[in-house]
Amino acid sequence: MSVSDPGFARQVTLQIDERSIDVPEGSTILEACRALAVDTPTLCYLENLTPVNACRVCVVELEGSRTLVPACSRKVEGGMKIKTDSERVRTSRKMVLEFLGSSVDVSLVSDFSRQMQRYGSNPKRYGDAAKPALAGTRDGAVAGHHHASDGQTASTVAQPVKIDNELYVRDYSKCILCYKCVEACGTDAQNTFAIAVAGRGFDARISTEFAVELPDSACVYCGNCIGVCPTGALMFSSEYEMRDAGTWDENKQVSADTICSYCGVGCTLTVHAQDNKIVKVTSPADQDVTHGHLCIKGRFGWQFVQQRDPSVLDGLANGPVVLDDVEVPAPA
Amino acid sequence: MFGAGGGTNSYEEVEHTDLIVLWGSNARETHPIFFHHVLKGIHNGAKLYVIDPRRTASAQWADGWLGVNVGSDIALANAIAREILVDGLENRTFIDRATLNFEEYRKSVERYTLDYAQEITGVPAAAIRELAHAYARADRAMICWTLGITEHHNAVDSVVGIINLALLTGKVGRYGCGVNPLRGQNNVQGGGDMGAIPDRLAGFQSTADAAAREKFEKAWNCTISPERGKRLNEMFDAMEEGELTALYCIGENPVVSEADRHRAVRLLEGLEHMVVQDISLTQTARLASVVLPAAAGWVESDGTVTNSERRVQRVRKVIEPPGNARDDMWIVAQIAKRLGRDWGSPTAQDVWDEVRSLSPMHAGMSYERLEQLNGLRWPCPDENDPGALFLHGRLWADPVEGPKAPFHAVEYSAPLDAVDAQFPLLLTTGRRLDSYNSGVATGEYSSPLRRVEALEISPEEAARHGLSEGEIVAVSSRRGKVFVPVHIDRALREGLAFMTFHFDVPTNVLTLDTVDPKSGTAEFKATAIRIDKIGAGSLAAAGD
């Protein structure tokens with residue numbers, strides 16, 4: 001673990017793309033890259049989660065290392081010489097992006113298309129997408145029984161959206177298996193362990209125990225999995241329904257940080273609103289009360305704000321309010 | 001405690017302490033994100049002990065669960081103290097240097113032997129001994145509590161009993177050591193800090209202190225009474241006596257939240273005039289003469305709240321309040337104007353700057369710093385002060401800075417609503433993960449976890465009464481009766497029942513409104529009840 005006060009940390013000197021940099025001992029290569037403003041793609045990495053090295057898109061070439069190393073988890077060492085834009089790195093990143101792009105709906109992943117362009121990824125070359133799986137078939141896949149593609153069509157994880165509760169949906173056609181949701185549900189935050197990765201290889205998928213529906217699972221609807229999902233595979237029902245209806249418009253949205261009104265812990269809520277209506281609630285990851293994580297009440301319990309009794313709003317509940325001396329002006 | 005009404009530690013310290021005691025707190029469900037910090041502590045190697053009559057979701061994470069009998073916490077605390085003393089595990093240096101009244105305290109706990117405590121608390125002597133040793137021997141240890149401690153007729157004594165343990169072992173005033181009430185609402189702490197206590201001004205300055213009064217009187221151009229005002233329970237008593245005839249109720253729903261609901265409703269109905277300022281037509285608002293539509297403070301107005309680690313945090317307006325709903329501050333200023341005081345149209349920041357000018361412990365917390373630093377923990381006396389991570393470090397200065405911390409001897413006394421042959425079960429109340437207080441807010445979202453409100457009892461109790469899951473029963477106390485379905489919960493033991501007050505079931509018809517004379521809090525946690533099968537012919541005997 002790194003020293004909490006960076007002022008006390010020893011400095012480590014390393015080279016990235018032939019530029020020298022000093023960073024605090026315990027930093028990762030990714031942190032060093034970012035300190036030098038080296039554009040490094042990440043998918044499974046998040047500041048408030050333990051790195052799991054699942055996606056491999058951040059790999060860099062380390063002199064003396066047989067394999068490429070994941071920048072997000074590899075700690076810096078003095079004298080390291082790192083290349084972030086070598087042929088090996090570019091090819092590796094290109095393939096990661098290409099495989100994901102051909103098999104997963106990455107339309108909501110921020111920065112994905114720019115990175116594909118940057119590395120020359122062309123998912124189309126694997127052919128047209130195969131037909132989506134029927135509901136539940138991927139959940140029942142047995143290890144070792146996967147059939148190879150016919151070579152003409154691209155295998156995908158496409159399948160119907162799972163809607164089994166009123167708070168959030170699971171659209172596993174968009175799942176890149178980054179493990180972030182599993183981490184947030186597990187030891188990195190919520191410690192509920194309602195989900196894990198089931199299956200092997202291309203059949204691997206995020207699953208509840210025995211693939212039961214969420215209301216029958218251990219899920220406590222903290223929504224911390226949604227908070228860390230980078231692809232929109234896990235989505236608030238409020239957002240899903242608005243996207244479905246074509247009314248979701250981030251250009252019309254405003255957001256600000258406030259404090260949750262439930263209990264006395266004081267969680268920071270980032271409230272996102274569109275047309276003066278709350279559309280979703282998140283929490284900033286760099287904040288030391290929540291570290292980005294909330295409970296069911298904070299994340300989902302805001303509807304009451306938008307379900308006000310008209311008789312109260314009119315000031316007419318139990319008879320009119322007499323404001324005889326002045327007209328009620330609008331607040332400043 | 002020791003002059004400042006707030007938890008002594010920050011959440012960060014929970015992650016780096018060696019032992020955590022959750023006493024009368026089911027933080028896993030009631031303070032879920034605080035429990036995230038507890039979980040980090042556990043993953044870092046801390047031991048967790050949970051003291052609760054129910055084997056809660058929090059207890060399931062514990063190294064040790066002490067299934068204490070409802071309301072026997074003082075006996076448990078005193079027995080832990082005695083065991084620490086018997087084995088010489090107290091911190092003599094700290095006691096001698098930083099505390100007062102130790103000898104008197106030592107004598108008072110003498111009679112709380114392990115055997116005696118086991119009899120009263122129902123906790124096996126070995127478990128009491130284990131906790132006593134673990135707590136005393138830990139380098140760092142924190143005790144946190146919630147309403148399981150404070151909703152009793154001897155609430156303040158129970159808190160004092162816990163503080164005594166921290167003093168006895170020197171587990172206060174150091175990083176990762178302290179005593180912490182987990183606040184139930186987002187601004188319980190801030191409300192108290194601002195002087196919403198009958199004898200306090202902002203920053204815990206006493207109304208009995210002439211110099212403090214003078215400072216506020218000068219700033220406000222008014223006279224402040226040195227007399228203590230009324231607590232909520234005393235207001236209800238004053239209604240009973242006809243002394244209090246008008247009530248201005250802001251964002252509170254006493255019809256549902258007060259103990260002995262029948263009495264509360266009768267007294268509120270008897271008022272000559274009641275103004276309710278709220279966001280929705282609560283059960284209390286239905287009784288009001290006038291309902292003033294308020295903005296939802298947390299998202300439709302600007303301001304600050306203060307959390308359980310004393311952190312003052314910015315609340316920001318994201319959306320406009322609908323209809324004629326207005327910011328609480330604006331409504332109050334308008335009412336003041338009609339009462340002959342023109343306060344103008346202050347912004348939240350204007351009001352906060354006034355707080356800073358009058359309350360020394362808030363003086364260093366400019367809006368700019370609150371924004372930059374994601375809030376600050378009091379005390380923060382000037383703009384160069386980083387705020388306090390933990391309190392009472394002064395007790396470790398040599399010599400001790402300021403007054404020493406006194407022990408207070410406290411004695412166990414049984415819950416007031418005693419169980420007997422007619423009311424043989426003890427009902428305790430609490431919250432559930434997905435719901436909150438009287439349900440005004442949480443009732444509006446669709447939680448997949450929510451099921452119909454039920455009386456929870458143990459499998460043994462269900463068998464004894466011949467009850468099955470979901471069966472509707474009559475639950476009676478000495479004050480009233482409600483009809484609810486039964487839910488069988490293995491977390492309970494014989495003789496113990498559990499309910500919340502989140503839903504339509506008027507649970508507080510049953511509870512007793514006798515209060516702790518020192519805090520004014522009712523004993524929500526202990527109500528003697530009986531369960532009757534419907535149609536068993538015994539309903540009349542239950543005393544409708």
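# Notebook: chains A and B

I began where the chains meet: 61 residues of chain B and 56 residues of chain A make the contact. I count two residues as in contact if their C-beta atoms, placed from the backbone, lie within 7 Å. The model is predicted, so local features need pLDDT of at least 70 and side-chain atom pairs count only at pLDDT 80 or more, while totals for chains, interfaces and linings use all residues. Residues are numbered from 1 along each chain as its sequence is written, chains are lettered from A, and ligands are numbered from 1 in the order in which they are written.

**The chain B side of the contact.** Helices (H or I, at least four residues) and strands (E, at least two) are DSSP runs, numbered from the N terminus. α3(B) gives the most, with six residues. By class, I found 32 nonpolar, 20 polar and nine charged residues on this side. Ala, Val, Leu, Ile, Met, Phe, Trp, Tyr, Cys and Pro count as nonpolar, Asp, Glu, Lys and Arg as charged, and the others, Gly among them, as polar.

**Chain B as a whole.** I noted 20 helices and 21 strands in chain B. Its radius of gyration is 24 Å, close to the 24 Å that the globule rule gives for 544 residues, so chain B is as compact as a globular protein of that length. The radius is taken over C-alpha atoms, and the rule is 2.2 Å times the number of residues to the power 0.38. The C-alpha atoms fill a box of roughly 65 × 60 × 45 Å along the principal axes. How much of chain B is buried? Buried residues make up 52% of its 544 residues. Buried requires 20 or more other C-beta atoms within 10 Å of a residue's own, exposed 12 or fewer, and partly exposed lies in between, with C-beta atoms placed from the backbone.

**Domains of chain B.** I found domain 1 (11-181) and domain 2 (425-542). Their bounds come from an automatic or database domain assignment. The centres, taken over C-alpha atoms, are 28 Å apart. Across the boundary, 19 residues of domain 1 are in contact with 21 residues of domain 2. On the domain 1 side, α2 (27-30), α9 (147-150) and α10 (155-169) of chain B each give two or more residues.

Next I looked up cis peptide bonds. One joins Trp378(B) and Pro379(B), with omega about -5°. Another joins Asp398(B) and Pro399(B), with omega about 0°. Pro379(B) lies in the loop between β14 (376-377) and β15 (405-406) of chain B. Pro399(B) is in the loop between β14 and β15 of chain B too.

**A sheet in chain A.** I turned to an open sheet of five strands, in the order β2-β1-β5-β3-β4 with mixed pairing. Strands pair if DSSP finds at least two bridges between them. β2 (19-24) and β4 (69-70) of chain A stand at the edges with a single partner strand each, so one side of each has no neighbour in the sheet. β1 (11-16) and β5 (81-83) of chain A run parallel, joined by two bridges. Gln15(A) has Lys81(A) as its bridge partner in β5(A).

**Gly101 in chain A.** Gly101(A) sits in helix α2 of chain A. Is it buried or exposed? Gly101(A) is buried, with 22 other C-beta atoms within 10 Å. Beyond neighbours within four places in sequence, it is in contact with Val106(A), Met116(A), Ser121(A) and Pro123(A).

β13 (268-274) and β14 (277-282) of chain A run antiparallel, joined by five bridges. Thr270(A) stands opposite Thr282(A). Five of the six residues of β14(A) are buried, so this strand is largely enclosed by the rest of the structure. Two residues lie between the strands, and Asp275(A) in the turn has a positive phi of about 50°. Asp275(A) is exposed, with 11 other C-beta atoms within 10 Å.
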